[in-house]
Structure formats: structure tokens, C-alpha cells
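Subject: Structure handover

Hello,

Here is the structure I promised you. Please open it and keep it in view while you read.

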Amino acid sequence: GVEPGARLPERVNVAIEPVGAASNDHSLKSAAPGARIVVSGATAGHEPKVNLRRVFAMQLEILGTSMGTPGELYDLLAFCAERQVRPVVDSVVPFSKVEDAFARLQSGAAFGKIVVDHSA
């Protein structure tokens with residue numbers, strides 16, 4: 001991992017882009033020649049600016065995808081459990097302070113998931 005916005009040590013062959021407008025340019029700049037950008041969401045905006053010169057000069061492929069089938073989700077969860085894959089959690093916020101969670105997301109200071117605890 002690298003700090004948010006930091007330059008990667010090398011370009012990548014595949015970039016998973018679930019965020020959208022806020023990180024799309026970084027994904028494009030991180031891509032190696034002939035790389036694939038897999039767009040699976042648009043959490044932070046669905047209309048990013050795209051430098052088409054970078055797309056054709058680097059011969060990038062932009063592929064849209066959905067979340068997958070229930071069977072694929074089951075396989076993914078089994079893989080994560082087996083390999084002990086855990087998401088990065090920035091913070092856990094009680095539901096009574098959900099506004100704070102959204103404010104942290106909006107500020108751009110979050111690194112990882114913000115969990116809203118409905119039991120608190």
C-alpha cells in the first residue's frame with residue numbers, strides 16, 4: 001500500500017476503479033501500457049474527466065462490470081475467509097453520529113472503510 005495520492009512504485013496491468021470521478025485520473029495514470037481499468041462503481045461521481053490521449057496512446061482498455069453472481073460472491077467470501085483478507089477500516093462510527101462519517105468521507109481524509117455501527 002501507499003499513502004493516498006502517492007505515486008505507485010511501478011505502473012500496474014490492472015486497476016480496479018470502484019470510486020469514480022475522484023480517483024479515475026489516478027487509475028489512468030497508474031496504468032501500464034496495454035493495461036485494463038475495471039470500473040465497478042461510481043461512489044464519488046459517475047462523470048469523470050477522461051484524458052482520451054492517455055487512453056489511446058497507452059492502449060488502455062476500460063471495462064465496466066457489475067458486482068457478479070451470488071455464486072461468485074460466495075466464492076469471494078470463502079477466499080477472503082481462507083486467506084484472512086480483511087478490509088482496511090479507517091474508523092467505526094455509531095449510527096447516532098452518521099453525519100460525522102459522511103463528513104469524514106467528504107473531507108477526503110478517510111483511508112479505508114468507514115463502518116457505521118447500528119448497535120451503538
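First, the ground rules. This is a predicted model, where local features need pLDDT of at least 70, side-chain atom pairs count only at pLDDT 80 or more, and totals for chains, interfaces and linings use all residues. Residues are numbered from 1 along each chain as its sequence is written, and side-chain values use heavy atoms, with hydrogens and water left out.

**The largest pocket**

Its volume is about 1,800 Å³. A pocket here is an open set of points on a 1 Å grid over the protein atoms alone, where a 1.4 Å probe fits, with protein on both sides within 12 Å along at least five of seven lines. Lining residues have an atom within 4 Å of a point. The volume is the space filled by probe spheres set on the points, which are joined across faces, edges and corners.

There are 36 lining residues, and P18, V19, S23, G112 and K113 are the closest to the centre. β1 (12-17), α1 (24-30) and α3 (70-83) each supply at least two of the lining residues. β1 gives the most, with five. Helices (H or I, at least four residues) and strands (E, at least two) are DSSP runs, numbered from the N terminus.

**A loop residue**

A21 sits in the loop between β1 and α1. A21 is partly exposed, at 34% relative accessible area. The scale is: buried under 20%, exposed over 50%, partly exposed in between (1.4 Å probe, protein chains only). Leaving aside neighbours within four places in sequence, A21 contacts A44, G45, E47 and P48. Contact means heavy atoms within 4.5 Å. The C-alpha atoms of A21 and A44 are 5.8 Å apart, although 23 residues separate them along the chain.

**Salt bridges**

How many salt bridges does a search of the whole structure find? It finds four. Each needs a side-chain nitrogen of Lys or Arg within 4 Å of a carboxyl oxygen of Asp or Glu.

One of them joins R36 and E61, at 3.1 Å, N to O. R36 is in strand β2 (residues 31-39) and E61 in strand β3 (residues 61-64), so the pair ties together parts 25 residues apart in sequence.

R104 pairs with D90, with their closest N and O atoms 2.6 Å apart. R104 is in helix α4 (residues 98-107) and D90 in strand β4 (residues 89-94), 14 residues apart.

E82 and R83 form a salt bridge too, at 2.8 Å between the closest N and O atoms. E82 is exposed at 59%, and R83 is partly exposed at 48%.

Best wishes
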